[in-house]
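This briefing is for a reader meeting the structure for the first time.

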Amino acid sequence: MTREPAFDDALLSRIEDAGINASAPREQRWVDGWLLRTAPGKAKRARCVQAVAAGTGPIDGRLARCLAAFREAGLPAFVRVTPFSLPKGLDAHLAALGMDKVDDTVVMVADVDRLSTARAGEITAIELDAYARWIGSARGSTPLEIASDVDRMAGAPVDYRAFVIRDADDRIDAGGQIAIEDDIAGIYGVFTLPDRRRQGLGERLCRGLACAAAQAGVRSLYLQVEATNAPALRLYRRLGFAEAYRYHYRTPAAALA
């Protein structure tokens, strides 16, 4: 088994902050140290609790306030749990309350110089709203989810840029985004049309995204991928990404229905 490299704790803390910033919607508020988000979009990071500070009151009190807010918004309730979540012991506490663990996710990190090898014309830039409509349609998102994602990216506190690969007939075959914050960038929304998979488009796209990030002064790249997505994990490891940490969500059992 390949040994994962040891990443600097300060870098990982910045990457976690960057990932939270990259998914920031307008529909968010603070609840005693927790960032409560209730955007109706597809990205679960934008419609969950981000437990980023210890707070002053008991966990159950703020959890009750958050669950009520999710019910009011008509959304299932999720609490995102990472190695950085506060207060300490949060995951065990939520598990003891009977909240289920779902969506184990791997955060991977790479040096941009290892990936930024792409020929000119490999990818082309596209407007964020056009990209959101394309990927939303390809994934079967609802009009409300697509509109929410467009709004979130347009108002994000980080620099979002979208890119695609087109075929000879100018049809979009694959696309993805980078979210740039200082010298760190996240790769998001990587998607290849089902009938165009297994043709190397994913690797071409990721290398092109890395090249665009490098041109913007980025030094470190991160991405987030479901732990069960074996093909994507193989691709990202082949490109030079290594696992840095994991997170998951806790949700009341009723939310799984």
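In α6, the buried residues are L201, G202, L205, C206, R207, G208, L209, A210, C211, A212 and A213; buried means under 20% relative accessible area, exposed over 50%, and partly exposed in between, with a 1.4 Å probe and protein chains only. The model is predicted, so local features need pLDDT of at least 70 and side-chain atom pairs count only at pLDDT 80 or more, while totals for chains, interfaces and linings use all residues. Residues are numbered from 1 along each chain as its sequence is written, and side-chain values use heavy atoms, with hydrogens and water left out. Helices (H or I, at least four residues) and strands (E, at least two) are DSSP runs, numbered from the N terminus.

**Helix α6**

- α6 is mostly covered, with eleven of its 15 residues buried.
- The cover over its buried residues includes β7, β8, β9, β10 (220-226) and α7 (230-239); contact here means heavy atoms within 4.5 Å.
- The 15 residues of α6 (residues 201-215) should span 21 Å at 1.5 Å a residue, and the end C-alpha atoms are 21 Å apart, which agrees; the expected span is 1.5 Å times one less than the number of residues.
- Just after α6, G217 has a positive phi of about 90°.

**Helix α2**

- For α2 (residues 59-73), 15 residues at 1.5 Å each should likewise give 21 Å, and the ends, taken at the C-alpha atoms, are 21 Å apart, which agrees.
- Its buried residues are I59, R62, L63, C66, A69 and F70.
- Seen down the axis of α2, these buried residues fall within an arc of 120°, so they line one face of the helix; the arc is that of the directions from the helix axis to the C-beta atoms.
- On the face turned away from the buried side, α2 carries the exposed residues R65, R71 and E72.
- Among the elements covering the buried residues of α2 are β1 (28-31), β2 (34-37), β3 (49-50), β4 (79-81) and α3 (90-96).

**Nonpolar cores**

- The largest nonpolar core has 32 residues, and I15, A22, Y131, W134, Y160 and Y222 have the most contacts inside it; a nonpolar core is a set of buried Ala, Val, Leu, Ile, Met, Phe, Trp, Tyr and Cys residues joined through side-chain atoms within 4.5 Å.
- Two or more residues of this core come from each of α1 (9-22), β5 (100-111), α4 (128-139), β7 (159-166), β8 (172-181), β9 (184-192) and β11 (242-251).
- A second, separate core of 30 residues includes V106, F163, I178 and L233.
- Leaving out residues up to four places away in sequence, Y160 touches A22, S23, L128, R152, M153, Q177, I178, A179 and Y188.

**Aromatic rings**

- There are eight aromatic pairs in the structure; rings of Phe, Tyr and Trp (its six-membered ring) pair if their centres lie within 6.5 Å, and planes under 30 degrees apart count as stacked, over 60 as edge-to-face and the rest as tilted.
- W134 and F191 have ring centres 6.0 Å apart and planes at 70°, so this pair is edge-to-face.
- The pair links distant parts of the chain, with W134 in helix α4 and F191 in strand β9, 57 residues apart.
- W134 and F191 are both buried.
- F78, Y247 and Y249 are linked into a cluster by ring pairs.

**Charges over rings**

- K44 lies over the face of Y249, 5.5 Å from the ring centre; a charge sits over a ring if NZ of Lys or CZ of Arg is within 6 Å of the ring centre and within 35 degrees of the ring normal.
- The charged end of R62 sits over the ring of W34, at 4.7 Å from its centre.
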